[in-house]
Amino acid sequence: MKDCFICNKHTGNIETSGVMIYEDEHVYVGHIDRNGQPNYLGHIMIDLKRHVPTLAEMTVEEATAFGVIMARVSKALKDSENAEHIYALVSGNSVPHLHMHLVARYPNTPKEHWGPMEVYDWENAPMGSNNEVIDLCNRLKTYLENNQYV
């Protein structure tokens with residue numbers, strides 16, 4: 001789909017923050033891109049490669065790959081990045097290509113900032129540059145490579 005942000009990202013027409021964390025025939029995992037703004041470190045995107053708008057259109061094979069990588073990346077965020085909780089969100093309101101947000105919540109995050117987008121409003125939220133995003137992506141990639149099973 002030529003007008004789809006995620007399809008364009010996967011074909012290399014759009015450059016995004018960080019580096020690829022994981023990829024197979026069904027899914028692509030990377031860090032969120034905020035158009036040059038500092039990124040919340042640990043806001044991960046799992047994209048279905050095939051262009052479908054919602055969870056309901058996945059094949060069994062895609063659903064299996066999506067679910068397994070969601071669990072594996074969540075575990076990687078907890079073990080590698082010391083996250084205490086992982087938020088998972090599928091919205092589809094602004095980009096009609098299935099993707100899931102996994103957002104790490106770190107220790108000492110005040111309760112009023114608990115939530116997948118609320119964590120951004122915490123003044124001590126771990127925000128980082130693209131170099132810090134790349135480092136985080138590489139740590140998660142290494143964790144996934146060394147820990148094949150959830």
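1. S74 is found in helix 2, which spans residues 60-81; residues are numbered from 1 along each chain as its sequence is written, and side-chain values use heavy atoms, with hydrogens and water left out. The model is predicted: local features need pLDDT of at least 70, side-chain atom pairs count only at pLDDT 80 or more, and totals for chains, interfaces and linings use all residues.

2. S74 has a relative accessible area of 16% and is therefore buried (under 20% relative accessible area; exposed is over 50%, partly exposed in between; 1.4 Å probe, protein chains only). A polar atom of the S74 side chain lies 2.8 Å from the backbone oxygen of M70. With neighbours within four places in sequence set aside, S74 is in contact with I86 and L102 (heavy atoms within 4.5 Å).

3. The protein contains 3 helices and 7 strands (DSSP runs numbered from the N terminus: H or I of at least four residues for helices, E of at least two for strands). Their order along the sequence is α-β-β-β-β-α-β-β-β-α.

4. Buried residues account for 43% of the 150 residues. Of the contacts between residues at least 6 apart in sequence, 58% join residues at least 24 apart.

5. The radius of gyration of the protein is 15 Å, in agreement with the value near 15 Å for a compact globule of 150 residues (taken over C-alpha atoms; the globule rule is 2.2 Å times the number of residues to the power 0.38). Along the principal axes, the C-alpha atoms fill a box of roughly 40 × 35 × 25 Å.

Conventions: Polar contact = N/O pair within 3.5 Å; in protein donor to acceptor, adjacent residues only side chain to side chain.
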